[in-house]
Amino acid sequence: MNTRSIPFGRPDLNNQDRERVNEVLKGHILTHGPQGQEFENKFVDFVGGGHSVALSSCFAALHLGYRAVNIGPGDEVIVPSQTHVATVHALEMTGASPVFVDCELETGNLSPSSILQAITEKTKGICLVHFAGIPCDMAKIMPIADERGLFVIEDAATALGAKVDGVHVGLWGDAGCFSFYPVKHITTGEGGMLLTRHEGTADQVGKMRAFGIERTKRGYDVTSLGFNFRMSEFQATLGKGQLDRFTENLTGRAHNFDVLKRALLEVEGMKVLDVTREGLESSHYCLVALLPEELRSRRDHLRKKILERGIETSVYYPRPIPDLSYYQEKYDTPVGQYQNASVISDGAIAFPVGPHVGAEDLEYLSQNAQETLIQEQQIMEMK
Ligand SMILES: *Cc1c(COP(=O)(O)O)cnc(C)c1O
């Protein structure tokens, strides 16, 4: 019998948020209004600098980020093989080609040395993903990019709150892209934000999000192509409310992560993906646990057993991007070539650590996850 039911993610919305959405709906400004601007300003205050553009999704932010660095057919961009398909789709749509790189098993991130090895004469830039909130070591990666004049896009969809040597992710590269999809750190239903150090990039992306329209002294004009990738006012007001209490959200996640990590590491051979040096601050999106080798082939079975105890888990991310049919057919890389990415796709379980996991849930989750895994090890030993 389940005594509890713990979802992988649950939006952190309260009555005040609902009230504010109602207020917006009572007015007549549903888009292009003050809520969007205030959300952008609050976002910049929270991350501690830069310029921000609220958008309809992280995918939109990634695509406009790639467009802002002017790439196209013939250009190569280094991308992780272990990520959400959005990271690479957004690039493909510019006509440039992805060059896939394997991740480190300890963090799920690209390492500086793996990036160095992948750089060719055609390389124009690098897209980095801060895997599950664990920041890439930007202090080591930026000099590699700067020396060669490569642009850097940071996919920070699951990294709101993550920092490297005190500087928030998204402020290291040319642009950082955040997601407000329901299971992410904060949600606007659907939504995203592009953060950038460069004012010019923010202006350009701001135009591209709304058909490329410019309002100059001479009036209305369009000097470039554009999309409609705007965020609505009632979405922006939801984002504002959650940002106001985001520091609590982050400390709650850090606490849940630490307790669960300790419990899981009691299982022999278990590894937990985490930061590898001081100065790297994770935003603890979820806890990615890499199973002991002998249990990896039983990952799906184990997730089912854990779910039978009322605990919902997830997989980040289910298949390395080059192994997906579209990329397989187009780039023809042998399946499983990116070994660490495959190990994480096939042999890891992502556990919830969000603010919806309360103190009693956390104890239940830690105990039951640990117990299920240890029991499975015992069953395997008897065979
Ligand atoms: C969720 C996610 C995205 C996509 O975000 P949307 O807001 O749904 O477009 C992109 N990249 C990564 C790494 C993600 O986890």
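Visitor: Where does Arg319 lie?

Guide: Elements come first: helices (H or I, at least four residues) and strands (E, at least two) are DSSP runs, numbered from the N terminus. Arg319 lies in the loop between helix H10 (299-308) and helix H11 (325-331). This is a predicted model, where local features need pLDDT of at least 70 and side-chain atom pairs count only at pLDDT 80 or more, while totals for chains, interfaces and linings use all residues. Residues are numbered from 1 along each chain as its sequence is written, and side-chain values use heavy atoms, with hydrogens and water left out.

Visitor: Is Arg319 buried, exposed or partly exposed?

Guide: Buried means under 20% relative accessible area, exposed means over 50%, and partly exposed is in between (1.4 Å probe, protein chains only). Arg319 has a relative accessible area of 44%, so it is partly exposed.

Visitor: Which residues is Arg319 in contact with, leaving aside neighbours within four places in sequence?

Guide: Contact means heavy atoms within 4.5 Å. On that reading, Arg319 is in contact with Leu324 and Ser345. A separate value is the C-alpha to C-alpha distance: Arg319 and Asp346 are 7.8 Å apart in space and 27 residues apart in sequence.

Visitor: What does the side chain of Arg319 reach?

Guide: A polar contact is a pair of N or O atoms within 3.5 Å; within protein, one must be able to donate a hydrogen and the other to accept it, and residues adjacent in sequence count only if both atoms are side-chain atoms. The side chain of Arg319 reaches the backbone oxygen of Asp323 at 2.9 Å.

Visitor: Which peptide bond is cis?

Guide: The bond from Tyr316 to Tyr317 is cis, and its omega is near -15°. Tyr317 is in the loop between H10 and H11.

Visitor: Which residues come nearest to the ligand?

Guide: A residue is near a molecule if one of its heavy atoms lies within 4 Å of it. There are 15 residues around the ligand, and Phe59, Asp155, Ser179, Lys184 and Tyr317 come nearest. In the case of Asp155, an N or O atom of the side chain is 2.7 Å from a nitrogen atom of the ligand. A ligand oxygen is 2.9 Å from a polar backbone atom of Phe59. For Lys184, an N or O atom of the side chain is 2.9 Å from an oxygen atom of the ligand.

Visitor: How much of the ligand's accessible area does the protein cover?

Guide: Such areas come from the Shrake-Rupley method with a 1.4 Å probe. On its own the ligand has 390 Å² of accessible area, and the protein covers 92% of it. Helix H3 (58-68) and helix H4 (85-92) are the elements that give two or more residues to the shell around the ligand.

Visitor: Where is Ser52, and what does its side chain reach?

Guide: Ser52 belongs to strand S1 (residues 51-55). Ser52 counts as buried because its relative accessible area is 11%. Its side chain reaches the backbone oxygen of Glu40 at 2.8 Å. Not counting residues up to four places away in sequence, Ser52 touches Glu40, Phe43, Val44, Met193, Leu194 and Leu195.

Visitor: Which side chain has a polar atom 2.9 Å from the backbone nitrogen of Ser232?

Guide: That side chain is the one of Gln235. Ser232 is in the loop between strand S11 (219-222) and helix H8 (233-244), whereas Gln235 lies in helix H8. With a relative accessible area of 13%, Ser232 is buried. Gln235 also counts as buried, at 17% relative accessibility. Not counting residues up to four places away in sequence, Ser232 touches Leu30 and Thr31. With neighbours within four places left aside, Gln235 is in contact with Thr188 and Glu190. The C-alpha atoms of Gln235 and Glu190 are separated by 7.9 Å, and the two residues are 45 apart along the chain.

Visitor: What is phi of Ala132, and what is phi of His284?

Guide: Phi of Ala132 is near 55°, a positive value in a residue other than glycine. His284 is not a glycine either, and its phi is positive at about 45°.

Visitor: Where are Ala132 and His284 in the chain?

Guide: Ala132 is in the loop between strand S4 (123-129) and helix H6 (138-148). Its relative accessible area is 3%, so Ala132 is buried. His284 is in the loop between strand S13 (280-281) and strand S14 (287-290). His284 is buried as well, with a relative accessible area of 12%.
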